[in-house]
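Me: Hi! I've got a structure open and would like to walk through it with you. Could you help me read it?

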Amino acid sequence: DVHGIFESLQPYKSQISGNEFCVIGAGGSARAVIYTIVKNFKPRKIYLINRTEQHADSLKQHFKSKMKYDHIVTKELQHPDIIGLLNNCALIVNATPVGMYPNVDDSVLSTADVFVKDQVVFDLVYNPIKTRFLQLAESKKAVSFNGLNMLVHQAAKAFNLWTGNEFPVEKVYKSLLLYSTK
């Protein structure tokens, strides 16, 4: 996951580095996202938002003890000041499966008011190509993208490690994009 996340965020490095970030979810994908962000993008602060703050606190403690990173603030998803917090984040990542096919009408956030113009919004979900979460972000002119690029770069890394051969990243990405939009 880390390689795919890094490759997906790298084009936005100058825009997001050193700012506040938000990660929604507290599972394995969220762990990989936070690790990648801390290691490569020097976040000032990470808001870790989850349905249950207890799970988010557990992940916060993991990064405090393992990476000595102590700038994670946990919040419950329905926290009253969530809109203001997210408006100030340079990057918002949905690290949950909410919105994945066949539940395409679901979104981890229910209002577009959490997004702002030029904010970077990354949904790890790759099917559908435009999740409800991304549609909400785009309605506020945020820069948004899904998890397809991450998926392809993860596959490329694994393929290279297993075979020693290069993976046709662009070709596979374009093929999956065509397949996904049918």
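Me: To start, is the crossing of helix 1 and helix 3 left-handed or right-handed?

Reply: Helix 1 and helix 3 cross in the right-handed sense. A crossing is left-handed if the near helix is turned anticlockwise from the far one by less than a right angle, and right-handed if clockwise. Helices here (H or I, at least four residues) and strands (E, at least two) are DSSP runs, numbered from the N terminus.

Me: Good. Before we go on, what kind of model is this?

Reply: This is a predicted model, where local features need pLDDT of at least 70, side-chain atom pairs count only at pLDDT 80 or more, and totals for chains, interfaces and linings use all residues. Residues are numbered from 1 along each chain as its sequence is written, and side-chain values use heavy atoms, with hydrogens and water left out.

Me: Thanks. At what angle do helix 1 and helix 3 pack?

Reply: About 55 degrees, with the axes of helix 1 and helix 3 (residues 28–40) 9 Å apart. Axes are lines fitted to C-alpha atoms, for helices over the stretch in contact, and angles run from 0 to 180 degrees between N-to-C directions. That makes helix 1 oblique to helix 3; angles under 35 degrees count as roughly parallel, over 145 as roughly antiparallel, 65 to 115 as roughly perpendicular and the rest as oblique.

Me: And which residues in helix 1 meet helix 3?

Reply: V2, I5, F6 and L9 in helix 1 do, and their partners in helix 3 are A32, V33, Y35, T36, I37 and N40. By class, this contact of helix 1 with helix 3 has eight nonpolar, two polar and no charged residues. Contact means heavy atoms within 4.5 Å. Ala, Val, Leu, Ile, Met, Phe, Trp, Tyr, Cys and Pro count as nonpolar, Asp, Glu, Lys and Arg as charged, and the others, Gly among them, as polar.

Me: How about helix 1 and helix 7: how far apart are their axes?

Reply: The axes of helix 1 (residues 2–9) and helix 7 (residues 148–163) are 7 Å apart, at an angle of about 130 degrees. The two helices are therefore oblique to each other. H3, G4, I5, E7 and S8 in helix 1 touch N149, M150, H153, Q154 and K157 in helix 7. The classes for helix 1 with helix 7 are two nonpolar, six polar and two charged residues.

Me: On to the strands. Which residues of strand 4 are buried?

Reply: In strand 4 (residues 91–94), L91 and V93 on one side and I92 and N94 on the other are all buried. Buried means under 20% relative accessible area, exposed over 50%, partly exposed in between (1.4 Å probe, protein chains only).

Me: How many bridges link strand 4 to strand 1?

Reply: Four, in the parallel sense, and V23 stands opposite V93 in strand 4. Strand 4 also runs parallel to strand 5 (residues 120–123), again over four bridges. Two strands pair if DSSP finds at least two bridges between them.

Me: Now the backbone. Which peptide bond ending at P102 is cis?

Reply: The one from Y101 to P102, with omega near 10 degrees. P102 sits in the loop between strand 4 and strand 5. The bond from N127 to P128 is also cis, with omega near 15 degrees.

Me: Last one: is K42 buried or exposed?

Reply: K42 is exposed, with a relative accessible area of 65%. Its phi is near 40 degrees, a positive value in a residue other than glycine. Most residues other than glycine have a negative phi, and most peptide bonds are trans.
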